[in-house]
Structure formats: structure tokens, C-alpha cells
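Here is a short report on a two-chain model. It covers the nonpolar cores and the contact between the chains.

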Amino acid sequence: MANDVTTAARAAAPGQIFGAEFAYELIRFLGTLALTLLGLTFVTFVIGRVVPIDPVLAVVGDRAMPETYERVRQELGIDLPIYQQFWLYLTKIAEGDFGTSAMTSQPVLHDLFQYFPATLELATAATLIGVLLGIPLGVVAATHQGRLIDHVTRIVGLIGYSIPVFWTGLVGLLVFYAWLGWVAGPGRLDIGYDGLVEPVTGLITIDSLLSVDWDVFKNAIAHLLLPASLLGYLTLAYVSRMTRSFMLTELNQEYILTARAKGMPERRVIWRHALGNIIVPLITVVALSYASLLEGAVLTETVFAWPGLGQYITRSLFNADMNAVLGGTLLIGTIFVCLNVLCDMLYRLLDPRVRP
Amino acid sequence: MSDPILEVENLRVTFPTHRGDVDVVRGVSFSLGRERLGIVGESGSGKSLTGRSIMRLVPPPGRVSATRLALLGHDLLKTSAKEMTRIRGKRIAMILQDPKFSLNPVMKVGHQIEESYRLHADADRGQARGKAIEALSAVRIRDPEAVYHLYPHQLSGGMGQRVMIAMMLMPEPQVLIADEPTSALDVTVQLQVLAILDDLVRERGMSLILISHDLGMVSAFCDRVMIMYAGKAVETINARDLDKVEHPYARGLIASAPRLGDDRPELPVLQRDANWAK
């Protein structure tokens with residue numbers, strides 16, 4: 001009984017040192033971000049310089065005069081030793097200059113600002129669909145283990161995994177766009193709506209809401225619905241399987257028996273006590289699948305002519321456009337680190353056991 | 001013995017397996033008045049399942065059947081699942097073995113106690129909170145206001161079990177089933193927790209079923225002891241007459257327990273007889 005007071009005192013302490021804790025966390029975050037990005041830049045840069053492609057040729061084309069070739073070569077700094085080139089690249093990045101894309105002749109940063117919002121919009125919509133449907137589906141499958149609904153969920157998930165998205169994409173377009181006319185076709189907007197709203201965030205759904213343009217909003221949603229549902233289906237398949245397995249483990253725990261013995265209705269036992277305990281591992285699952293969607297979904301983007309990051313980076317790769325590839329890689333790296341930190345913060349918020 | 005509060009007659013718990021049905025509890029009968037009944041037996045003897053089938057909490061695919069299973073004359077086997085949630089906690093409550101696992105790790109213990117009260121009483125949060133703090137001091141927790149805000153992992157085993165007791169006694173049930181309530185605790189804390197449990201059960205005139213494998217502990221705290229072996233209640237005897245027990249399994253158990261001042265160089269080993277399990 002003597003330790004009642006000391007335990008209580010320990011529990012009260014974190015609040016008082018929150019400020020210091022926060023500063024420490026911030027420094028740790030910035031450190032992780034800097035190190036990760038440095039490593040990423042280095043690896044990508046070296047690969048970009050070692051692969052047997054000629055970045056000069058990518059800029060001038062194969063019919064350029066030798067003088068032009070030589071001039072561009074010097075402008076790009078290709079004649080310098082590789083460590084100097086790397087240093088040069090780093091100092092430029094520090095000034096916010098990611099170089100110019102050989103493919104679009106635009107600054108890489110400008111390109112990324114244009115392509116990334118399209119991916120962000122698609123990935124976020126897909127994740128929302130996948131999570132909002134996948135978690136309840138997984139919970140229901142777990143609580144009806146071995147019964148019809150469980151098998152249906154399993155088969156739905158299996159189909160989601162195994163059928164390639166370029167096929168479901170094309171069939172989806174055929175059925176829901178060409179035949180039924182329920183959704184709009186490829187692209188982010190019909191041509192008539194293009195450029196009607198001021199790009200603020202680059203997310204057309206958000207921008208159209210900001211400028212209160214319902215027509216554009218509806219059209220954007222109509223375009224977003226099908227690709228987001230198909231990508232969301234993949235997320236759903238993954239999230240529902242993981243939810244089911246986490247849930248099954250949790251429902252066998254003793255505290256669930258305690259909750260039932262207290263006379264708690266089964267619905268509350270499942271949705272409050274059991275689900276409350278799987279939120280933390282679920283966050284990891286969702287964050288991972290969200291992050292992989294944010295890299296851009298090349299196949300989906302291609303089928304739906306969606307001007308996203310996946311397409312941009314893939315095309316840059318084929319065109320030996322190393323500035324664009326490096327810029328895209330750094331962006332993806334930043335996203336991963338940020339999502340990781342966000343997860344860490346959410347763990348702490350939701351799981352008392354990992355609170356400092 | 002007063003009027004029976006709980007009547008159990010020919011209770012069976014069956015689990016289907018690949019090789020046919022297996023009876024895990026095989027025709028247990030007893031009746032419980034306003035008293036403390038100990039159920040003793042080795043692992044797998046069916047004592048925990050007996051407790052759980054009274055609460056209708058045997059995990060599927062297990063099946064419970066009985067000629068009679070009644071609480072205050074009310075047939076528990078015919079009770080609907082919905083009505084069962086009003087009986088569990090409110091009329092029969094259960095304390096589990098290890099507070100490390102039996103408390104929800106992501107909820108403050110205060111909220112868990114409150115929840116148990118609000119499931120059966122029409123009370124707002126403020127009232128429930130006051131009740132929870134009262135319940136924490138009733139189990140002799142010194143600083144209930146602070147402990148209210150702790151999470152289970154911040155409690156010691158003894159404190160956790162006292163929280164569990166507070167939580168389960170909150171709606172003032174008539175019957176308390178304590179399933180190995182002290183097995184996970186340090187020996188020094190065991191007596192403390194048992195004393196608290198004993199006081200509260202006496203004070204409120206509750207009936208207690210104490211499930212344990214510790215014959216000595218059960219005989220010290222209970223009025224009657226039921227000895228289970230291989231799914232059967234082999235003998236029920238008044239606790240103070242324990243040394244007069246007749247069943248060879250129980251006799252063997254008592255003989256193999258060490259005693260202070262023992263002059264036997266070697267403790268006898270229990271010789272099992274296949275006939276006991278028939």
C-alpha cells in the first residue's frame with residue numbers, strides 16, 4: 001500500500017515537463033528528417049550518376065553540335081568529380097533550387113507542386129474509403145469468425161489483392177463511365193471546368209469548396225470517385241484483413257471477459273473495449289498503406305490519365321531526367337519521415353503505455 | 001443453510017472436437033446459500049468452467065447444459081442474451097486471476113470502475129465518479145483520487161486486484177465468483193487482498209464462490225469446500241471437517257501437503273486411479 005502515493009506522483013509528472021519534452025521531440029524529428037534525406041539524396045544521386053545514361057544527352061538530344069554538348073556538360077557540372085557534384089547539388093537544395101526538369105523545362109519544385117496535390121488527393125480519398133469500410137468489415141469478420149460474412153470478407157479481400165488495377169480500372173471505366181454513366185472519365189476534371197477555380201492547395205475538391213463552386217466540386221468528385229474507389233479497395237483488402245487478425249487476438253484477452261462479466265452489452269465490448277486496443281497497431285497499418293499510395297500509383301494514374309507523382313517520376317526515369325527523379329525521391333522521403341513522426345505522436349496520444 | 005441463492009444441478013459443459021464431443025464438466029451439482037463455497041481442483045478439472053457457465057460466459061463452441069441452473073429461482077439457461085447482460089455484474093459478478101490482463105490497458109482504472117456502475121445504475125458521470133472513488137477507498141487504496149487517474153500498467157499486482165474487486169462489487173451483486181483471485185499475486189499481498197475480499201463479502205452479505213487450487217487457503221476462508229476432479233464434483237465437505245474427507249483423491253492431496261513440524265523425510269506422491277475419472 002505504501003507505493004500508492006509514489007505511483008500517483010509518477011503519473012502526475014509528465015504534464016509539468018511537457019515543454020522540455022516537446023523541444024526534445026522537435027529536435028529529434030528535425031534530426032531524423034535531415035539524416036534520412038541526406039542518405040536518400042546521396043544514394044539516389046550516386047545511382048543517378050553511375051547508371052549508364054548520359055544526362056547531357058537527355059537535355060540536348062542526340063543531334064546537338066559537339067560545342068552545345070560541351071557547354072551543357074559544363075553547365076550541369078558533369079565534368080567535376082562526383083563528390084563535388086554532390087556538394088554542389090546539396091548547396092543548391094539548401095537554397096530551395098532542385099534544378100530544372102529536362103522533360104518539362106520547368107523548375108523541379110514547380111513540377112512537384114503541380115503533380116503532388118493530384119496524388120495527395122487520390123491517395124487521401126482512397127485511404128479514407130479503405131479505412132472507413134475496411135475497419136468495420138474486419139471487425140465484423142472477426143466477430144463472425146468462420147461464418148458466412150467472414151468468408152465473404154475474405155473473398156472480397158482476396159479479389160482486391162489479386163486482380164491487377166489496370167484491369168479493374170479499365171473494366172471500371174467501361175462499366176461505370178461508358179455504360180452506366182455514373183462517374184466521369186479519365187483526368188481530374190472535364191475540360192470545360194479546367195482552370196475555373198483558383199488553385200490554393202492544388203487539391204481540386206478543396207479548392208472548389210474554398211471558392212464555393214459547387215459545379216466544379218461535383219465534377220471533381222465524379223472524376224475522383226472511380227480511381228479512389230479502386231485504390232481504396234486495395235487499402236480495404238489490407239486493412240480489413242489486419243483488423244480481423246488484431247481483433248481476434250484482442251477478443252481472446254482477459255479484459256474482454258472482464259467487460260462481459262461486468263454485464264456490458266456485446267456491441268460495446270467489441271466497438272469500445274476491443275477496438276480501443278487495436279487502434280495503435282491499426283494506425284501503423286494505415287500509415288504504411290497511405291505512405292505507399294502517396295508515392296503515386298503508376299498503373300492507376302496511367303489508366304485514369306491522372307497527373308500524379310507516380311507518372312511524373314516514372315516518366316522522368318525513362319527520360320533520364322535526374323533532377324526530377326531526385327526531387328521526387330526527396331519528396332517521398334520527406335513524406336515517409338513526416339508520417340512516421342505523426343504515427344509516433346498518435347501512439348502517445350492513444351496508448352497510455354508508451355507515454356513518456 | 002438459508003434458502004438457496006444459486007442452484008446448480010447436473011451441470012455439463014461440452015466442447016465439440018474432431019473426435020466427437022468432450023465433456024469438460026460432467027454433471028456438477030451444488031446449491032449456494034448465503035455462504036462462502038470453495039471449489040478446489042487441479043488445472044483442467046473444470047472448476048473455472050463451472051464458474052463461467054454460471055455466468056453463461058463459456059466461450060464458443062462450448063455448450064452448457066444442466067437440469068437446473070437457477071439464480072433466486074430464475075432459470076439462467078432460459079434467459080435471453082440481452083437479459084443476461086443485466087444479470088451479469090448486477091447479480092453475479094466475477095473476479096479474474098491476473099489484473100495485468102483482466103483490466104483494459106488503455107482505459108483509466110477510474111473510468112473502468114465507473115463504467116461498471118453506470119451499466120446497471122442510472123447515474124451521471126459526476127455521481128459515478130464519486131461512487132468510484134468511494135469504492136477505491138473501500139478496498140483500502142490510500143489515495144483514491146490519484147489512483148482513479150492511473151492506467152492498469154501503473155498499478156502493482158495487489159493494487160490491480162483491489163481495483164478489480166472495487167469494480168466488480170460496485171453494482172452490489174448477490175453472488176461473487178472469484179476465480180483464482182490471488183494466484184497471480186505475491187504471497188505477502190495474497191493475504192492482504194483476501195482479507196479485503198473477505199471483509200467486503202461479509203459486510204454486504206454476499207455469497208462467494210472461491211475457485212482455487214490452494215486447498216489450505218480455501219479451507220481457511222470458506223464455509224464449505226467442493227473438490228473437483230476430471231470434471232466432476234467428487235466430494236463436498238464443511239471446511240472444518242476437511243481432514244475427514246473420504247474421496248481418495250482429496251485424501252491424497254491432503255496427505256501430500258507439507259506441514260510445519262513434519263517429520264516425514266519424503267512427501268507422499270499422489271497415486272492416481274483411472275477409476276476416479278469415470
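## Cores and interface

The model is predicted. B:Ile54 and B:Leu176 have the most contacts inside the largest nonpolar core, which has 89 residues. Helix 7 of chain B gives the most to this core, with eight residues. A second core is separate and has 35 residues. A:Ala125, A:Leu293, A:Trp306 and A:Ala324 are among them.

Now the interface. Chain B puts 37 residues in contact with 27 residues of chain A. The table gives the totals between the two chains.

| Item, chain B with chain A | Value |
|---|---|
| Buried area | about 2,900 Å² |
| Share of buried area on carbon and sulfur atoms | 63% |
| Salt bridges | three |
| Residue pairs in polar contact (both at pLDDT 80 or more) | 10 residue pairs |

One of the three salt bridges joins the side chains of B:Glu115 and A:Arg272, at 4.0 Å from N to O. On chain B, four elements each supply at least two residues of the side that touches chain A: strand 7 (92-95), helix 3 (99-102), helix 4 (109-118) and helix 7 (157-169). Helix 7 of chain B gives the most to that side, with five residues. By type, the residues on the side of chain B that touches chain A are 19 nonpolar, 11 polar and seven charged.

Key
Residues numbered from 1 in each chain as written. Chains lettered and ligands numbered in written order. Predicted model: local features only at pLDDT ≥ 70, side-chain atom pairs only at ≥ 80, totals over all residues. Heavy atoms only, no water. Contact = heavy atoms within 4.5 Å. Buried area = accessible area lost by both parts, 1.4 Å probe. Polar contact = N/O pair within 3.5 Å; in protein donor to acceptor, adjacent residues only side chain to side chain. Nonpolar A, V, L, I, M, F, W, Y, C, P; charged D, E, K, R; others polar. Core = buried A, V, L, I, M, F, W, Y, C linked by side-chain atoms within 4.5 Å. Buried < 20%, exposed > 50% of the residue type's maximum accessible area, 1.4 Å probe, protein only.
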